[in-house]
Amino acid sequence: MISLGSGDDQFTIEATSDVANPTSEDVTLNAGPGADTVDINDATMTGVLVVNGESGGDTINMNGPGAVSSSTLNGDDGDDVINLNEVTGTVTVNGG
Ligand SMILES: [Ca+2]
Ligand SMILES: [Ca+2]
């Protein structure tokens with residue numbers, strides 16, 4: 001589990017090219033208070049991905065495969081923007 005602190009954070013979830021086998025661990029990202037930006041670019045993880053924007057007006061961009069099986073994107077409190085540019089597997093979006 002990854003927790004970001006208060007303030008406006010920027011976080012990118014992306015597999016690097018030298019990783020042969022993306023993580024099979026379940027990943028939960030808690031963005032914390034503030035207007036956070038989370039970019040999910042090409043993680044292709046085989047575990048379950050959960051992104052919690054928590055409070056603040058957050059932006060979550062899914063630009064490529066997140067979790068192959070199941071991804072959940074929770075905006076939580078605030079005016080959140082969730083952009084689904086590419087969807088792989090089951091993606092659940094909760095505006096909060
Ligand atoms: Ca937030
Ligand atoms: Ca939010």
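Author: Start with Glu 54, which sits in the loop between β5 (49-52) and β6 (59-62). Strands here are DSSP runs of E with at least two residues, and helices are runs of H or I with at least four, numbered from the N terminus. This is a predicted model: local features need pLDDT of at least 70, side-chain atom pairs count only at pLDDT 80 or more, and totals for chains, interfaces and linings use all residues. Residues are numbered from 1 along each chain as its sequence is written, while chains are lettered from A and ligands numbered from 1 in the order in which they are written.

Reader: Why does Glu 54 count as buried?

Author: The rule counts other C-beta atoms, placed from the backbone, within 10 Å of the residue's own: 20 or more is buried, 12 or fewer is exposed, and in between is partly exposed. Glu 54 has 23 C-beta neighbours inside 10 Å, so Glu 54 counts as buried.

Reader: Where is Asp 76, and why does it count as partly exposed?

Author: Asp 76 is in the loop between β7 (70-74) and β8 (81-84). It has 17 C-beta neighbours inside 10 Å, so the label is partly exposed. Phi of Asp 76 is also near 60°, again positive in a residue other than glycine.

Reader: How many helices and strands does the protein chain have?

Author: Zero helices and nine strands.

Reader: Why is the protein chain called as compact as a globular protein of its length?

Author: The radius of gyration, taken over C-alpha atoms, is set against a globule rule: 2.2 Å times the number of residues to the power 0.38. The chain's radius is 12 Å, close to the 12 Å that the rule gives for 96 residues, so the label holds. The C-alpha trace spans about 35 × 25 × 20 Å along its principal axes. Of the 96 residues, 27% count as buried.

Reader: Which strands form the open sheet, and how do they pair?

Author: Five strands, in the order β1-β3-β5-β7-β9, with parallel pairing. Two strands pair if DSSP finds at least two bridges between them. Four bridges join β3 (residues 27-30) to β5. In that pair, Val 27 stands opposite Leu 49.

Reader: What makes β1 and β9 edge strands?

Author: β1 (2-3) and β9 (90-94) each pair on one side only.
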